Amino acid sequence: MKKVSLVIFDREREASLDALRKLGVLHLEQKGIVSESLSAVMEKKTQAEHALGILRNFAAKKTQPNTSEAEVQAEELVTLVLTLFDQRKQEQELLASDFKELSRIQSWGDFDPAGLEELKQKGITLIPYELPKKVYEHIDPSIEILTLSKDKNMVRCLAVGTPIPGETPFALPELSTAALSQRIEKRKQTIADIERRLSALSVNQGLIEGYIKKLNEKAEFEAAKASMEVTEDTPPGLAISWIHGYIPADVAGKLKRAAAENGWALLIDDPSEGDAPPTLVRNPPYIRIVQPIFDLLGTVPGYHEYDISMSFLVFFSLFFAMIIGDAGYGVLILLLSLWAGLKGKQKTGKIADGVLLLLLLSSATIIWGAINGTWFALPYESLPSFLKSLVIPPFRPNPALSSKEAARLVQQNVKHLCFIIGTVQLVWAHTKNIKKALPSLTAFAQLGWLSMVLGLYFLVLNLVLDKTAFPVPPFALWMIGGGLVTYFVFAEQKGGNFFANILKSFANFLPTFLSAVSSFSDIISYIRLFAVGLAGYAIAESFNGMAAGLPGGLVRILAGALILFFGHGLNLAMSALSVVVHGVRLNMLEYSGHLGMEWSGVKYSPFAVKETSQQ
């Protein structure tokens, strides 16, 4: 990346920004800015997004769209949708209030407060009360009471002429029970009519989506305009504005030509240490297929950090295969991926990167499941001979041993493979660190850490697998101790006095020692590949047993098929979730941690006219 400073006359600010946006190569430096025009655009965008969310909620309602209402402008549509939604909300609140009032008075029957008022005008005063039974039974006998109804706890009555001392009369409703019920039905109808209109308007979601994209562009333009600094105390027409940004080095020529054509003053230089350039990752198509995972996670490497796309793809494919673990599941994912790829190609003319990634991951799963003999968790003995022949010896049960001992040895081999994979990945990380640090002496510190990881590998085998089968070789302890000492000696050798730098390094003894212990646990953490894969196998095996244990007949076939479909479907979904939790973690935490990555980057996003806005 190159840092760019662009200087223009302030009177040409909008025209220059428009030309710069059409050029579409400059990533503008991010600043916290506020302006009235930007606030107005952002408010419109918020309203449009709210309206779009409303229409999406009503899109599934099976009503015929009103074409006359569908032919409106985007801004008018947003206003109409928000107005209708507010009306609906208001009617719902009033409806809830009416329901509450109806619930309060319905025990009085078809009660009309106007009747009491008419009697009062004729000289007959009737005061309504709703009293607990105990209170009702102790009313002064001198008070004339007309009892209307009773239930288990309450009594509804009318006091003739004289109020009942100490009791609050029943609050008269605004309307009669019948009139209130009619108003409730009318409100329901109004709400239904509004919902039908919203459902009819939902056919124009695309119109609002396009409007939002245009507002995004306008907001970006207004932000760029507001972020430009302007000289003060300059004669009218001579004020100068300037803006900063970043550009890929290989397209700097386009910006230079545009600057010459538009009369801009331009300075292009390398980013300084305090700058935060955006990250632009360019990979060939066969590596780019991993990008959907990074997009899903929202992670971008820092400008000075590694691009681990290739190694991430290699190891993630292996992790995916081992966690899913079943060749039968791999075949299902492969078929679904092929179907999705063909449908997508019919629409867009190409297969999406996400589908290509699934094709790779499912193929890796089929290979892994085939070499360890796992097909829908069926027992190894019941597999056809051609599938048995695909199983490689480390994962093939030894017929000379008991089934329990044979299974234990196979599991131990899988665990061993997990630790090998973990060690290889961590060694790969420190190899990259060595290459990056050269020719600095700090490369020896990374070499020491690499030695320590290799020594810890033998210690892990001894402590976790089998002390007898995997004794710790003497050289492993020398590799751990020597690697740690080497790290302390060279970690701070970035110039200056050699021995002073050693003392500076030993000042961080405790954090470094804890990091060394962490490296031990990092290798052990790769056993999760075995554990999660084994859990998935056990669940699938349990569902197979449930289906096989059903009584014979047609019921067994139907119920068994249902159990297998539901069970293996659920297991596959849980395994897919495990891939996200564990497969991604090993790459983003253990591996990236040894690379020193913080994933603090900002994606290169040039100030440009978006293609989608031209629809």
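F498 counts as partly exposed, at 31% relative accessibility. Here, buried means under 20% relative accessible area, exposed over 50%, and partly exposed in between, with a 1.4 Å probe and protein chains only. The model is predicted: local features need pLDDT of at least 70 and side-chain atom pairs count only at pLDDT 80 or more, while totals for chains, interfaces and linings use all residues. Residues are numbered from 1 along each chain as its sequence is written, and side-chain values use heavy atoms, with hydrogens and water left out.

Rings of Phe, Tyr and Trp (its six-membered ring) pair if their centres lie within 6.5 Å; planes under 30 degrees apart count as stacked, over 60 as edge-to-face and the rest as tilted. The count by this rule is 20 aromatic pairs. Y457 and F458 form an edge-to-face pair, because their ring centres are 5.1 Å apart and their planes stand at 65 degrees. F490 and F498 are also edge-to-face, with centres 6.1 Å apart and planes at 75 degrees. F490 is buried, with a relative accessible area of 18%.

One aromatic cluster consists of F294, F312, F316, F320 and W599. W599 is buried at 15% relative accessibility, and its phi is positive, about 55 degrees, although W599 is not a glycine. Most residues other than glycine have a negative phi, and most peptide bonds are trans. A377 likewise has a positive phi, near 60 degrees, and is buried with a relative accessible area of 2%. The peptide bond between L438 and P439 is cis, with omega about 5 degrees.
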